[in-house]
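Subject: Handover of a structure

Dear colleague,

Please find below the structure that I am handing over to you. My notes on it follow.

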Amino acid sequence: MMNIRSHGRKKAAGLMATFLLAFGMACQAEPDAGQKNTASRWASLPVLDFRDTISGDPLDFNGLVDYDDQPEVETDAVKEFKRTGRNPYNDDDAAIKFGGVRYSTACSGCHGHHAEGKLGPALADDYWTYPKNATDKGLFETIFGGAAGQMGPQRNRLTQDEILKIMSWTRSIYSGDPARAEWKQ
Ligand code: HEC
């Protein structure tokens with residue numbers, strides 16, 4: 001009796017294993033399974049420590065508002081960026097194009113239409129007053145929190161999502177040494 005029952009259980013377990021294997025393979029074949037994994041990879045990460053470029057104080061992300069004076073809702077791109085330090089818009093043509101348009105109204109007056117430098121320094125070469133701007137985290141900190149003199153914080157002048165798009169545009173016209181493009185590494 002015992003033997004038959006335990007044999008039955010073994011058989012059932014074997015069937016179950018076959019089923020799980022087949023099911024698992026089917027899941028892997030689903031086209032969006034990879035994407036879900038990518039999203040969950042960053043969603044569980046803690047937000048990185050963002051610091052003011054001049055003072056070194058933590059950046060204050062409280063009380064941000066959008067153009068309707070409503071609390072700014074973070075886009076997925078902003079959430080991902082704040083956890084990985086990588087700008088998801090860097091290879092996104094539509095975001096780069098939008099960033100170029102926003103750059104021309106918000107930044108070009110001081111940095112030049114092609115980011116070649118004017119009152120403020122060039123933004124597309126590989127010389128940085130603040131070396132951390134060669135990383136996307138550092139560049140975001142400088143734009144959001146500002147630097148010295150006329151480089152005021154863009155906090156609440158642009159949404160965080162717009163800042164990322166402007167950054168992707170300046171990166172897209174980068175003319176410096178590829179080896180010094182730290183944001184790609
Ligand atoms: C009113 C003029 C003005 C505007 C507008 C302005 N900047 Fe600046 N920016 C400056 C000046 C001046 C500096 C140099 C400040 C310093 O060295 O601390 C600077 C510095 C910077 C730096 C640091 C560069 C380095 O070499 O490390 C970055 C990055 C930057 N600006 C990005 C932007 C972006 C992006 C915008 C638009 C969203 C913008 N700035 C708008 C004047 C401006």
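Of the 24 residues around the ligand, which come nearest? They are Cys-107, Cys-110, Gly-120, Ala-147 and Ala-148, where a residue counts as near a molecule if its C-beta atom, placed from the backbone, lies within 6 Å of it. Helix H5 (108–111) and helix H6 (136–145) are the elements that each give two or more residues to this shell. By type, the shell holds 15 nonpolar residues, nine polar ones and no charged ones. Here Ala, Val, Leu, Ile, Met, Phe, Trp, Tyr, Cys and Pro count as nonpolar, Asp, Glu, Lys and Arg as charged, and the others, Gly among them, as polar.

Before you read further, please note that this is a predicted model: local features need pLDDT of at least 70, side-chain atom pairs count only at pLDDT 80 or more, and totals for chains, interfaces and linings use all residues. Residues are numbered from 1 along each chain as its sequence is written.

The pLDDT, the predictor's confidence in each residue from 0 to 100, averages 87 over the protein chain, and 79% of the residues score at least 70. Over residues 1–8 the pLDDT is below 50, and this stretch has zero contacts in the model beyond near neighbours in sequence; two residues are in contact if their C-beta atoms, placed from the backbone, lie within 7 Å. Residues 17–34 also have a pLDDT below 50, with two such contacts. Where pLDDT is low, the predicted coordinates should not be read in detail.

The protein chain has seven helices and zero strands. These are DSSP runs numbered from the N terminus (helices: H or I, at least four residues; strands: E, at least two).

The largest nonpolar core has 17 residues. Such a core is a set of buried Ala, Val, Leu, Ile, Met, Phe, Trp, Tyr and Cys residues joined through C-beta atoms within 7 Å; buried means that 20 or more other C-beta atoms lie within 10 Å of a residue's own. Helix H3 (76–84), helix H4 (93–106), H6 and helix H7 (160–172) each supply at least two residues, and H7 gives the most, with five. Among the residues with the most contacts inside the core are Phe-140, Ile-143 and Ile-163.

In H3, the buried residues are Val-78, Glu-80 and Phe-81. They lie on the same side of H3 because they cover an arc of only 165° around the axis, taken from the directions from the helix axis to the C-beta atoms.

Yours sincerely,
A colleague

How values were computed: A residue is buried if 20 or more other C-beta atoms lie within 10 Å of its own, exposed if 12 or fewer, and partly exposed in between; C-beta atoms are placed from the backbone.
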